[in-house]
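Dear colleague,

I am handing over the structure that we spoke about, and my notes on it come after it. Please look through the structure before you read them.

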Amino acid sequence: MRDHRPPPTDEAELLRRVAAIAGRTVAELAASVGVVPPENLSGHKGFLGDLLEACLGASAGSRDEPDFTELGIELKTLPIDARGRPRESTYVCRVVHDARDQQQWPQSRVWRKLARVLWIPVDGEPRLPLASRRIGCGLLWRLEGELEALVRADWEQHQELIRHGQIDAIRARDGRYLQVRPKAANSAARLESVDRHGVRIETLPRGYYLRTAFTRLVVERYHTL
Amino acid sequence: MCARPTIRRLPETVIDQIAAGEVVERPASVIKELLENALDAGATRVQVDVEGGGRQRIRILDNGTGMSADEARLAIERHATSKLTCFDDLQRIATLGFRGEALASIRSVSRFTLSTRDAAATLGTRLASDGGAAPLVSEVAMNRGTEIDVRDLFYNVPARLKFLKKEKTELGWIAEIVQRYALGYPTVHITLSHNGRELASYPCDIDLRQRLHTIFGPKVAASMVAIEQPIPPRVLGFISPPTLSKNNTSGLYSFVNGRFVRDPTIQKAIQNAYGSLLETRRYPYAAIFVSVEPALVDVNVHPMKHEVRFADSGSVYHAVHRAVTAALAESAWLSGANDGRSDPGPDFTSVADGRLGVGADFAGLRDARGHTGPLGANRMAPSELGTVAGRGASRYSARPGDYAERLRGRRDVALRELAELQYRPGRDTSRAASGDGASRQLPLVRGDELGARGFYGSLRYVGQVLDCYLVCESGDAVHLIDQHAAHERLTYERLRRQFLAREVARQRLLFPVNVALTQREEGLLEENLSTFERLGFEIARFGPETHAIKEIPALLGGVEPEALLRDLLYDAIAFGHSRILDDHLDALLSKMACHSSIRAGHKIRDEEVARLFAELDRIDFSANCPHGRPIVVTLSAGEILHRFNRS
């Protein structure tokens, strides 16, 4: 993006920026940072995320840390369908495949990524041209209470299998709200890993994803259509 | 080709007949005008005689001040009146009539005779005129007062004649008109007869309740309670319990400075005050008298004077709403609860001319014993209502702000424990089917929860039947309580309390709703932005002439935000504040309460029943669910014995 804004100095400034873009179209936002939106997201999967990062001043880029590094806030776009429901699962972070990894929930990458999230709903109706899709009312959110317990329960279930070197046994349908899915360009991609006996193995790269069932809970709890 | 008609001045008789079209619509409107004249003349007795439904003859005889011969000649001319002298008088009209049109209009469409004598004359004057022709003047021996005889109404206007309805229908309208004035003037003796037979007689009742009895019937009148709002604009009157209602507004009588009006502000205030106590499209019985400074009300809106325009309709709305709500909040409305303690209502014994609540300076008019104060006017002082404090609806001193405090305080106590009212479905502890028939002691509820034992607390719980109704017994009756309706009312009150406590939960819209506003709407919105925020909205400017709604009250989650905002803006224009939210709120709260309450089919436990009853005793309006359905149905011992053919 040509005109990437500087990072916000505090949460209040970030929220002011969020309020300012609510209701704008993708075309309006793109024009404000000097880019032309593609016709659709095919082949431009990360466009919306990049656009919002540029408009709001997210600084982390692709680094493995929260998008608003200084504020410890992760930016997540939420494509919403016509019924007001999230359309697709939300990528959280990559799965550490090392079976010797004994990390606990408070130190986990999932927790760190989800502890503070700025959800930005985006009109996700595929029939609508990308340029005319609207940005919704952002929500600065904290993972806590009941919702945290739900995610944590799934994460611990997955970690249990990873520690037992059974990462390949984790299926996409496991986990009610947090799932593990391959995250690679194709099925030939391989990641070097270590099994529970310390033996090097190769396996498919995987990532943690929040199911739409979870983001729907977030939307329903804090938003109305 | 037709020649173009030339413009020319109409003859006076035609002008009168056209004017009559506005004032004289049917026999009832003739009677209205003549009754108003009689009352303005200070009559204490008015006799209305009608023949042929008013088509053949209308005769009105009063014992008012009467007129001199010269005044009588003038009175039948158009725009001749004793009630106005200059334009400024029009700004502070305290009489019923003022236009000086009625007699001229009536005279122009009938065979008209006016006989009158004032106190100074020994003989009266009679003026007879057919169809507006020059009157024949003669002298007549008569008592002081005025007699107007209108024969063959519309005999010279066939077009108008053919629109008149059947005799009975016209008579019905006449009776309604007479009834209105009888209610507004309880110390004036008014009679109505038709074809020589007396149809109604409203004797000089110094107690308004007596007159209510005559007009509404014994059942309704006996159950009515007094309302009072002593801070200007003052309001007093009587309202019926929600259990007695009609499917139309014909039982609603509202008077502004003694004038019967059909005012939407007053009607809406009454309706909203009853709110969820009445089912949809049901209306209470009420006689409500509003007193407004004459300068603050414009009665010169319509020739029939059924409508008025308030300078501050918002304050009138609030005054009526407050008075009605306070009375409703103080009454349990439980069947039989008012037995033997029906509210005697305001003391009207001091009303000399019977006119209720005529706007003027009320200060020091008279005390409750009827001693005339410095102004010496023959008018009712609403401040007299203070004498009935403690007898019924108005048990509290009415300092500004007391009302909200009072309701809030009562409900705070009542609802503190409500959150603890946990129902756990699935455990059937009902023993209703055991057949032993023995009533049982409910589990003890803490003293501070129960408070004073009210109606529900005094009942002996027998058991649950049909998975919905709680059978209870009291000394001489059996009571069936609808568990769903009862819990629904409790839930509703909790939700409403949140709103009144200004703890409005907000709901963020997923996508802001952009609303294009006109300049006027925009100005109004900007002006009232803080009010909208208090109501639970977040609205921000989005662009030129566009605002974005980002948050709405969570309770209104199902409402279309743009339509709601527009309604609120229009309402704000009309009333100076928003009432639409109240309207929506009641319906939405009712719906939410309904969905979150225990349903029929839930096997209720004894502890739940005990807590339910304790809470019901603590809240207002515990006799109806928010939709107006009864919570409790009572079968007296007498009724049960009767059904079993026992004496």
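This is a predicted model: local features need pLDDT of at least 70, side-chain atom pairs count only at pLDDT 80 or more; totals for chains, interfaces and linings use all residues.

Residues are numbered from 1 along each chain as its sequence is written, chains are lettered from A and ligands numbered from 1 in the order in which they are written, and side-chain values use heavy atoms, with hydrogens and water left out.

The contact (heavy atoms within 4.5 Å) draws 22 residues from chain A and eleven residues from chain B. Between them the chains bury about 1400 Å², 60% of it on carbon and sulfur atoms, where buried area is the accessible area (1.4 Å probe) lost by two parts on being put together, summed over both. Zero salt bridges are counted between chain A and chain B, a salt bridge being a side-chain nitrogen of Lys or Arg within 4 Å of a carboxyl oxygen of Asp or Glu.

In chain B, five of the seven residues of strand β3 (residues 111-117) are buried, so this strand is largely enclosed by the rest of the structure; buried means under 20% relative accessible area (1.4 Å probe, protein chains only), and strands are DSSP runs of E with at least two residues, numbered from the N terminus. β3(B) pairs in the antiparallel sense with strand β4 (residues 124-130) of chain B over six bridges, pairing requiring that DSSP finds at least two bridges between two strands. There B:Ser115 has B:Arg126 as its bridge partner, and six residues lie between β3(B) and β4(B) in the hairpin that they form. With strand β6 (residues 145-151) of chain B, β3(B) pairs in the antiparallel sense over seven bridges, and B:Arg117 stands opposite B:Gly145.

With best regards

Terms used: Buried means under 20% relative accessible area, exposed over 50%, partly exposed in between (1.4 Å probe, protein chains only). Helices (H or I, at least four residues) and strands (E, at least two) are DSSP runs, numbered from the N terminus.
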